[in-house]
Amino acid sequence: LEDLPTAVQDKIISIEGQIYRLKHLAQKSQSYLQTDDTKLIQLKNQKILSLVEFIEDILIEYEAQKINFSYNQDTSITADPYWLKMCISNLIENAIRYGKGQIEINLNTDHQWIKITIKDEGSIPFKSLKELLKAKHTKSKGLGLGLNIVSKTLKEMNAKLKLTPNPTSFTIEINKEKEEENE
């Protein structure tokens, strides 16, 4: 590996990281997707002191896409960092694959809610998240399970996923009162 140019080494390391992440996700999700039961994943909640830094660390993997990130204020959160990252990363990857134009991420925090919105300039032909999750995605480049995993995982984390179809945006909504129950 040392004999390769630095740019190639970085690409290989990035690909290895993605393979590891997908392998880990597949192992954790195998039985999880086959049932409507909750609490099938083991959440290992911990205090994330800066949600802004957490999101910025995720965005390092997507530097080539030049994603705009904005926030009104930083906040801490008690959540499972692995599963929260998986949810945010999946929504970013969907925006990259299926969206159009510039991708924007916005963290909006007020006294009751933490909202993380991933938005692009495209539109989708579904009016609700429920309709989107039920649809068969024959043109999907993946397994078509990503949003189902995200939706179920967020539900277990006492959070919600919301869809705005035009322009396409997915918002993770975390009620601060329920988030405090995770502590």
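This is a predicted model: local features need pLDDT of at least 70, side-chain atom pairs count only at pLDDT 80 or more; totals for chains, interfaces and linings use all residues.

Some context comes before the detail. The protein chain holds six helices and seven strands. From the N terminus on, the order is α-β-α-β-β-α-β-β-α-α-β-β-α. Of the 183 residues, 37% are buried. Among contacts with a separation of 6 or more, 71% join residues 24 or more positions apart.

Now the helix pair. The crossing of H3 past H5 is left-handed. On the H3 side, the contact is made by Trp 83, Met 86, Cys 87, Asn 90, Leu 91 and Asn 94. H5 meets them with Gly 146, Leu 147, Ile 149, Val 150, Thr 153 and Leu 154. By class, this contact has eight nonpolar residues, four polar ones and no charged ones.

Take Asn 94, one of the H3 residues in that contact. Asn 94 is buried because its relative accessible area is 16%, and the cut-off is 20%. Beyond its neighbours within four places in sequence, Asn 94 is in contact with Gly 99 and Leu 147. Leu 147 is itself among the buried residues of H5.

After H5 comes Asn 158, with a positive phi near 60 degrees. Asn 158 is not a glycine. Most residues other than glycine have a negative phi. Asn 158 sits in the loop between H5 and E6. At 26% relative accessible area, Asn 158 is partly exposed.

The largest nonpolar core has 40 residues. H3 gives the most to this core, with eight residues. Nonpolar side chains tend to be buried together in soluble globular proteins. The residues with the most contacts inside the core are Leu 51, Ile 88, Ile 92, Ile 116, Leu 161 and Ile 172.

Ile 116 shows how these pieces meet. Leaving aside neighbours within four places in sequence, Ile 116 touches Leu 51, Ile 55, Ile 88, Ile 105, Asn 106, Leu 107, Phe 170, Thr 171 and Ile 172. The C-alpha atoms of Leu 51 and Thr 78 are 9.9 Å apart, across 27 residues of sequence. Thr 78 lies in strand E3, residues 77-79. At 6% relative accessibility, Thr 78 counts as buried.

Next come the salt bridges. The whole structure has two. One involves H3. Glu 61 and Lys 85 meet through their side chains, at 2.8 Å from N to O. Glu 61 is in the loop between helix H2 and strand E2, while Lys 85 is in H3, so the pair ties together parts 24 residues apart in sequence. Glu 61 is partly exposed at 36% relative accessibility. Lys 85 is partly exposed too, at 28%.

The H2-E2 loop has another feature. Lys 66 is placed in that loop. Lys 66 has a positive phi of about 50 degrees, although it is not a glycine. At 62% relative accessibility, Lys 66 is exposed.

The other salt bridge joins Lys 115 and Glu 173, with the closest N and O atoms 4.0 Å apart. Lys 115 lies in strand E5 and Glu 173 in strand E7, so this pair ties together parts 58 residues apart in sequence. Lys 115 is partly exposed at 29%. Glu 173 counts as buried, because its 13% is under the 20% cut-off.

E7 spans residues 168-175 and includes Ser 169. Ser 169 is buried, at 7% relative accessibility. Not counting residues up to four places away in sequence, Ser 169 touches Thr 117, Ile 118, Lys 119, Lys 162, Leu 163 and Thr 164.

The bond from Asn 166 to Pro 167 is cis, with omega near -5 degrees. Most peptide bonds are trans. Pro 167 is in the loop between strand E6, residues 159-165, and E7.

Notes
Residues are numbered from 1 along each chain as its sequence is written. Side-chain values use heavy atoms; hydrogens and water are left out. A crossing is left-handed if the near helix is turned anticlockwise from the far one by less than a right angle, and right-handed if clockwise. Helices (H or I, at least four residues) and strands (E, at least two) are DSSP runs, numbered from the N terminus. Contact means heavy atoms within 4.5 Å. Ala, Val, Leu, Ile, Met, Phe, Trp, Tyr, Cys and Pro count as nonpolar, Asp, Glu, Lys and Arg as charged, and the others, Gly among them, as polar. Buried means under 20% relative accessible area, exposed over 50%, partly exposed in between (1.4 Å probe, protein chains only). A nonpolar core is a set of buried Ala, Val, Leu, Ile, Met, Phe, Trp, Tyr and Cys residues joined through side-chain atoms within 4.5 Å.
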